[in-house]
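This briefing covers one predicted model. Please look at the sequence and the structure before reading on.

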Amino acid sequence: MQRRVIFNNKILPYGLLAPQLCITLIFFFWPAFQAVYQSVFIQDPFGLRTQFVWFENFKVVLSDPYYLGSVRVTFIFAFSVTSIAMFSALWLAVMADKHIRGAGVYKTLLIWPYAVAPAVAAVLWLFIFHPSIGLLGRALREIGILWDYKLNGHQALLLVILAASWKQISYNFLFFLAGLQSIPKSVLEAASIDGANSRKRFWTIIFPLLSPTTFFLLMVNMVYSFFDTFGVIHALTGGGPGKATETLIYKVYSDGIIHLDLGGSSAQSVILMMIVIGLTAIQFRYVEKKVHY
Amino acid sequence: MKKLKHFITALFVLTTLITFISPALAQKVELQFWHGLAQPLGGILEKIVADFNASQNLYQVNATFKGSYPDTMVAAIAAFRAGNAPHIVQMFEVGTATMMAAREAIKPLHELMRVANVPFDPKIYVPAVRGYYSLSDGRMMSTPFNSSTAVMFYNKDAFRKAGLDPEKPPRTWAEVRSYAQKIRAANAANIGFTAAWPTWTQFEQFSAIHDTPLATKANGMDGMDAVLMINSPLHIRHVQTLIDMQKEGSFKYGGRDSAGDALFPSGEAAIIHASSGLRARILREAKFEWGVTMLPYYEDVKGAPKNSIIGGASFWTMTAPKRTPEEYKGVAEFYRFIGQPDVVAKWHTETGFLPITFSGYDRVVASGYYKQNPGADLPFRQLTRSEPTENSRGLRLGNMPEIRNVIQEELEKALQGQQSAADSMENAVRRGNVVLRNFERMSRP
């Protein structure tokens, strides 16, 4: 008797895939298509008058100095958030992986921030750093630092970067910790016996073996800082002061929802979509080659 | 087990009953009403809606909270595009131009009342309120409901500490500045003067009070081709005053929109320009004696001070395919109901919004409310202290929310020291005019 492992049913696999495909089509492809479609029209908010304008919306967006400023802010923001969130998470994971008393408690507590909704996280930060009612905000002013993120663009950007990173550290921590725990102890022990100190062990064994996790997190963090940080910015600074914390995704929101410029906002989201597709492609093409699986 | 059986039987009886009764309920014409007032204001509004439903048996208005004003606006627009707009939507004052430009999507108030044959007199509304929601020929487009205006609140305890007479609040900008300096010098409060809603209080209200145009074409009321005029010498002078006051430490920028509100009830700021609606919060939170007075003006400006203008929201009637005359009639009846003196008086005293009709105001005066709550009628007196001029009737600028943001951004840059007062106003005018032209183009028939 030979046991067949080949699955013969032709329809069932598609049936099983269908729900996921439907969700993807309805919630991802259809809106994306709508955005592309909208981006070549100028339309009043109610959809009563529509003019086809070819690529005028793109031209306007790309020649707008404020848009280019927003691109700059976004890259600074994304780069800072990704590096802060990943480095501190890695450091925390390495620490928590050691045999210390109460490791379980630390691990649990470190995961908590992930459960906090972005808007709530932002409000927490607001109550800490508000220049007149925040605890640390007041303390900073008392020791002579002119802390006022409502008027100082650099401080505002720093604040949203810290808040957004803080939120993401837990997520990264979780993955790094899991990655660390899957590294075979025997390899590390062998290295210790050969006289490798902990720094050496980290850079020659742990870090390379963590690279799939790191690569995965790099992607997730980039996407997070591009798309998911809206709530933090909205609740903390609303894109201000001036336009100091207006990232691309925030600009899409404010132009589309607040300013009701559907064509311009769609053009921006198409550009944003292409930026992220491009970044992902670059990462898979070049960074992934250096990753050990 | 027996309990469960009883329960199921009861449930069965109940469902049967409901099935029989609901056709009787369904005979009422149902009207959807979307509003953007969070608690506690939303609850008070819904109570008024419930009163309307109880007052007659033909119509049933279903009030639904749809989030903040911008959220409500976006929800209504999306619903209109899908063909099922609510019958009534509450829209903030800066959305007025957008709604007016949406010709087929709305049913103007004057037309609604005529078609529904419901008696209606626009004259019951206070001119500054009526003008804001009317075409330049006087035909009203939407139904005013919750209106506020900007006033100046001040901390009497801080005034005393600084050696100032708490019964003599500042009237002019020169006085505001010297009072704020004294408050800082005596360290009676951390902030001398601040302002919430910076664009609304320091530009929109400021222009109206000084009888100075914010934009051409009677602030946009007479046509969509208006251009901004906030680069006038008076506006630049005012921004310079704010910059100077900030430098000497007597003024502190409180953030965008309502962010500055928190600074007054906490005792942080001694003087604030804010919405008259802040009164309720101050009453609840402030642990000091406070007073309220009219917004200041520059004495040397001819014609100042004029009446202030309103903020807040109004109710718009929206269209949808298959909407029946009977439904419009119900909407008209609802509007008539909320314009009654009792309803206006109740809304005003319970929320701190303005009494928007003279009859409503008289009702409140007669009740002795202002005797028990001194200062509660000040916003109304400021709003009605003069006959509105072309510059103090209100604003009708397309995409006003975006223009407000532009002005806030340019003001912030000026306060950061990145640009001069004149440059900031030039930039605001240039960028704001782009917004206006885009709106004009988008709304062209």
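What percentage of the 293 residues in chain A is buried? Buried residues make up 33% of them, a residue being buried if 20 or more other C-beta atoms, placed from the backbone, lie within 10 Å of its own. This is a predicted model, in which local features need pLDDT of at least 70 and side-chain atom pairs count only at pLDDT 80 or more, while totals for chains, interfaces and linings use all residues. Residues are numbered from 1 along each chain as its sequence is written, and chains are lettered from A and ligands numbered from 1 in the order in which they are written.

**Chain A**
- Chain A has 13 helices and 2 strands (DSSP runs of H or I, at least four residues, and of E, at least two, numbered from the N terminus).
- Its C-alpha atoms fill a box of roughly 80 × 75 × 30 Å along the principal axes.

**Domains of chain B**
- Domain 1 of chain B spans 29–147 + 311–372, and domain 2 spans 149–309 + 381–442; such bounds come from an automatic or database domain assignment.
- The C-alpha centres of these two domains lie 28 Å apart.

**Between the chains**
- In all, 32 residues of chain B are in contact with 22 residues of chain A.
- On the chain B side, α18(B) gives the largest share, 6 residues.

Note on methods:
A residue is buried if 20 or more other C-beta atoms lie within 10 Å of its own, exposed if 12 or fewer, and partly exposed in between; C-beta atoms are placed from the backbone. Two residues are in contact if their C-beta atoms, placed from the backbone, lie within 7 Å.
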